[in-house]
Amino acid sequence: MGAGRLRRAHVAVALAFVAFGSVDGTWVARLPALKERLGLDSGELGLVILSVSLTATLLLPLSGWLTSRRGSRGPTGFGLRVTAGALTAAAFAPSFFALVSAACLMGAGIGIVDVAANAHAVAVEQRLGRPVLSALHGAWSFGLLAGSGVAAGAAATGVGVRAQFPAVSAAVVVAAIVLVPRLLPSAEDAAVDTAHFALPRGALALPALLTFCSMFVETAAMNWSAVFLSGPAHASAAVGAGGVAAYSVAMVAARLAGDPLTLRWGVAGLARRGGSLTCAGMALALATRSPVPALFGFALVGAGCAALVPALFRVAAAAPGVSSGAGIAAVATAGYTGGVVNGPAIGFLARGVGLTAALSLIAVAGALIAVLGPKLEG
C-alpha cells in the first residue's frame, strides 16, 4: 500500500472518531435540557442513559460479525449515519418513551461505529508499524470537546435542542460521506482480526476488571457531569455543558500523551496514577459542590481515565492463549458493561441518597483502578 493512501486512511479514521465524539459530546452536554423539557427525574434519566449503553453492548456481536464480513469501512459510515439520525430524533421526542426509543437507536449506531472504527484503527496502526491507537482515541475526545463546546454555546445563547441537534446531525452525515471513501478498502481491512463476543477469563480477568472500572468512570463522568453542575452545584445550563467540555479538554491532552506515557510508566504505573487522579478529581467536585472547583475536578477525572482503555486493549491483545481479536473483545465486553450499569446505578441511587453521594461511585471505581492496576506487573 502506498504511503499517501495509508496517510489518507489514517486521517479519515481520525475524522471518523472526531465525528463520533461530536455526537457523544452534543448528547451528554444537553442531557439537562432534555431532562428539563420532558420533566424527568434522575431515575428516568438513568434509564435513558442505560438505553444507549445497553443497546450498544447488545449490538457488539452483530457489529463484530458485520465488520469481519464487510470490512470496517462500510459499517463506520453506516454507524455514523444512524447516530446522527438518533440525535435528531431525540430532539423531537415528545415523551419519555419516545426519548428511550431514540436512545436505543443511538446505542445501535454507537455499537456499530465503535467496533468498526476501532477495527479500522487497528488496521491502520498495523500498517504504519507504530502506536497510534491512543492518539486516535484522542480524536474522539476532541470531537467530544467540540460537541460539548458547541452545546455550551447553544445553551448560553438560548438555542434549543431542536435547532442544535439537527445541525450537528447534518454535519456528521456530511463528514461520513466525505471520509468513508478515503478509508482502507474492505478487501484489505477484512484480514484484520475483529471483535466478537467473548467472556473475560484467565489472563484477561484483571485487564477486563480494570476496563470495566475505567469505562464506568469515563461514561459516568461524561453522562452526569452536566447534570451535577446544573443541579447540586447550582451552575447555569451553559456552565453545566462546560463541565463536559472541561472533561473533554483533559481527555484530549491525556490521550495524545497516552502512548509515550505508557512506554515510560508501563500500563501498571499508568493505572496507579490515573486511578489516583480520578479519586482526587471526584473528591474535589463532590466536596465543594461549587461550579469552578467542580469543573476542575471533572477535568482531573478526564485526565485520569483517558489513556488507560487503549493501553488495556493492548494488554488484552497480547494475552497468552487467545487471539488479539478475542482478547480485545473480552475486555471490550467488560468495558461496555461498565458503561451499561453506570446510568441506572447512579440514577436510582440518587433517588435515595442524592446525586452528590451517588456520584461517589466514580471515586470508588478510580480507587479500584489505583489499587489493582499495579498487579498487572505481576
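Modeller: Helices here are DSSP runs of H or I with at least four residues, strands are E runs of at least two, and both are numbered from the N terminus. The model is predicted: local features need pLDDT of at least 70, side-chain atom pairs count only at pLDDT 80 or more, and totals for chains, interfaces and linings use all residues. Residues are numbered from 1 along each chain as its sequence is written, and side-chain values use heavy atoms, leaving out hydrogens and water.

Colleague: Where does alanine 208 lie?

Modeller: In helix 10, residues 205–230. Alanine 226 and asparagine 223 are found in helix 10 too.

Colleague: Why is alanine 208 called buried?

Modeller: Buried means under 20% relative accessible area, exposed over 50%, partly exposed in between, with a 1.4 Å probe and protein chains only. Alanine 208 has 3%, so it counts as buried. Alanine 226 has 0%, so it is buried. Asparagine 223, with 6%, is buried as well.

Colleague: What does alanine 226 touch, leaving out residues up to four places away in sequence?

Modeller: Val28, Ala29, Pro32, Gly240, Ala241 and Val244. Contact means heavy atoms within 4.5 Å.

Colleague: Are phenylalanine 96 and phenylalanine 97 buried or exposed?

Modeller: Phenylalanine 96 has 17% relative accessibility, so it counts as buried. Phenylalanine 97 has 64%, so it counts as exposed.

Colleague: How do you know that arginine 273 lies over the face of tryptophan 265?

Modeller: The test asks for NZ of Lys or CZ of Arg within 6 Å of the ring centre and within 35 degrees of the ring normal. Arginine 273 is at 4.3 Å from the ring centre of tryptophan 265 and lies over its face.

Colleague: Which residues form the nonpolar surface patch?

Modeller: Val174, Ile177 and Val178, with about 260 Å² of accessible area together. Isoleucine 177 lies in helix 8, residues 161–179.

Definitions and conventions. Patches are made of residues with over 30% relative accessible area and no salt bridge: like charges are joined within 9 Å, nonpolar side chains (Val, Leu, Ile, Met, Phe, Trp, Tyr) within 5 Å. Accessible areas come from the Shrake-Rupley method with a 1.4 Å probe; for residues, only the protein chains shown count as cover. A salt bridge is a side-chain nitrogen of Lys or Arg within 4 Å of a carboxyl oxygen of Asp or Glu.
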